[in-house]
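Dear colleague,

Please find the structure below, handed over for your work. My notes on selected residues follow it.

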Amino acid sequence: MAIEAELKAVVRDPEGVREQLEARHGAGRAEVYRDTYYDAPDGSLMGTDRELRIRTVHSPDDTRTVLTYKGARVDEASGAKPESETKVEDADAAHEIMRGLGFTPRIAFEKRCRNYGFQRDGRRLLATLVRVPELDDATFIEVEATAATEADLAPALALVRAVLAELGIRKVDLTTDLYTDTVAAARPA
């Protein structure tokens, strides 16, 4: 299973970062993600740092759905996790399958994203500016590459860190907080 070498940070100057990304990589792709995270009834997936998600992505051109499984973190400092993902033909059927297998929706929320894909040093990278309406529209940036193995994780993360630094993102703004936890904490009890 490939490892998602991703770092996330709070963006203090969203417009400035967007301008830099567009100057380097074009206009980007505006998309709205509707994420539903599933768990076993006893909480054993999320309780062991694993994620099972159905994401429906709405863009101006199309709508697509993706099923994702993320294993537990293999790197605490970055939060990097092994990840497997596949396209889903029918979102409603996928949700029904999850429930039929005994998984329950634990949290669902929306992310408004602008994605910038590019190549660097032989790697495919994705930089995403993210706003989560439930988090007072705070802006985050995620930059990710894929590491083929745990041994490949350090160089992939070094490249991700370099891209963030070039965008003026400071180490102090990095976070390993999960959106699921942050959104859940923001909701009334």
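Strands are DSSP runs of E with at least two residues, and helices are DSSP runs of H or I with at least four residues, both numbered from the N terminus. This is a predicted model, in which local features need pLDDT of at least 70, side-chain atom pairs count only at pLDDT 80 or more, and totals for chains, interfaces and linings use all residues. Residues are numbered from 1 along each chain as its sequence is written, and side-chain values use heavy atoms, with hydrogens and water left out.

Thr36 belongs to strand β2 (residues 29-39). Its relative accessibility is 13%, so Thr36 counts as buried (under 20% relative accessible area; exposed is over 50% and partly exposed in between, with a 1.4 Å probe and protein chains only). Leaving aside residues up to four places away in sequence, Thr36 is in contact (heavy atoms within 4.5 Å) with Leu52, Arg53, Ile54, His95, Pro105, Ile107 and Ala108.

Thr139 is part of strand β8 (residues 139-147) and counts as buried because its relative accessibility is 12%.

Two aspartates in loops

Most residues other than glycine have a negative phi. Asp49, however, has a positive phi near 70°; Asp49 sits in the loop between α2 (44-47) and β3 (51-58). Asp121 also has a positive phi, near 50°, and lies in the loop between β6 (104-120) and β7 (123-131). Asp121 is exposed, because its relative accessible area is 66%.

Yours sincerely
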